[in-house]
Amino acid sequence: MFSTLLADFQIIFERDPAARNWLEVLFFYPGLQAIILHRIAHKLYKMGIPFIPRLISFIARFLTGIEIHPGAVIGKGFFVDHGMGVVIGETAIVGDYVLLYQGVTLGGTGKESGKRHPTLGDNVVVGAGAKVLGNIEIGNNVRIGAGSVVLRNVPSNCTVVGVPGRVIYRSGVRVDPLEHGSLPDSEAEVIRALVDRIEALEQQVEQLQHKQTPAPVYHISIAAEEAGDALPSQEEIPATQGAACQLRNKAIQEFLDGAGI
């Protein structure tokens, strides 16, 4: 148990640039305090001691804002950064060197009995506000983007974003666990692809209409000829232009640029 707590302590200096000395980490990091109390509560829980483990869990929640059920199994090197609002259910299993941010929930989806909480592999990173729900398995080296809702199994070495969570493969690419800015935006990519497709289709329709449009025929009455009315010049004939989606509207373009599309 001592070696596990030592790994929990050391991982903070690797994953939090604000950690400067051991005294600050020991007294002012609620994630470390919560996992220390959980280790004690889990040990008593496994021994079958009633009430006391839940009491320790409740005290930890009151002091740190992190709620971990005593029955949850958590590996070494576990780190909760700014952990207010983190909830980990009774049957959750968390691997080694997992990083959670504030507002993360490892919960269930109903009142089913037995294994009802997720299983996380090693080196998993779960972004702020993400929810991982149900008896599902999250593989090793998985990153879950902030605000995502994961309801299905996730293979190893993947990135999950969106609601519901969508898997985006990043095989063979090593990513810093703290580099959240590199998370892909699948919704933005889909919207951009749809806009590009619409533009291409409208251009094709415009070309077909231009090829099939017959030359205009003008019927001039004898009265008009006698009155001296001339035929309209080519410049006076309005050309038919297709309303292709070229994103010329400034407001739309600024919105798309701001959304990273």
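Hi everyone! Let's start with Met47, which counts as exposed because its relative accessibility is 56%; exposed means over 50% relative accessible area, buried means under 20%, and partly exposed lies in between (1.4 Å probe, protein chains only).

A word on the source: this is a predicted model, where local features need pLDDT of at least 70, side-chain atom pairs count only at pLDDT 80 or more, and totals for chains, interfaces and linings use all residues. Residues are numbered from 1 along each chain as its sequence is written, and side-chain values use heavy atoms, leaving out hydrogens and water.

So where does Met47 sit? Look in the loop between α3 (30-46) and α4 (52-64); helices (H or I, at least four residues) and strands (E, at least two) are DSSP runs, numbered from the N terminus.

Met47 also belongs to a nonpolar surface patch, together with Ile49, Phe51, Ile52, Leu55, Phe58, Ile59, Phe62 and Leu63.

Now zoom out. The chain has 7 helices and 15 strands, and 35% of its 261 residues count as buried.

Next, the sheet. Which strands form it, and in what order? The order is β2-β5-β8-β11, an open sheet of 4 strands with parallel pairing. At the edges are β2 (73-74) and β11 (137-138), each pairing on one side only. Two strands pair if DSSP finds at least two bridges between them. Strand β2 and strand β5 (residues 93-94) pair in the parallel sense over 2 bridges, and Ile74 has Val94 in β5 as its bridge partner.

Note on methods:
Patches are made of residues with over 30% relative accessible area and no salt bridge: like charges are joined within 9 Å, nonpolar side chains (Val, Leu, Ile, Met, Phe, Trp, Tyr) within 5 Å. Accessible areas come from the Shrake-Rupley method with a 1.4 Å probe; for residues, only the protein chains shown count as cover. A salt bridge is a side-chain nitrogen of Lys or Arg within 4 Å of a carboxyl oxygen of Asp or Glu.
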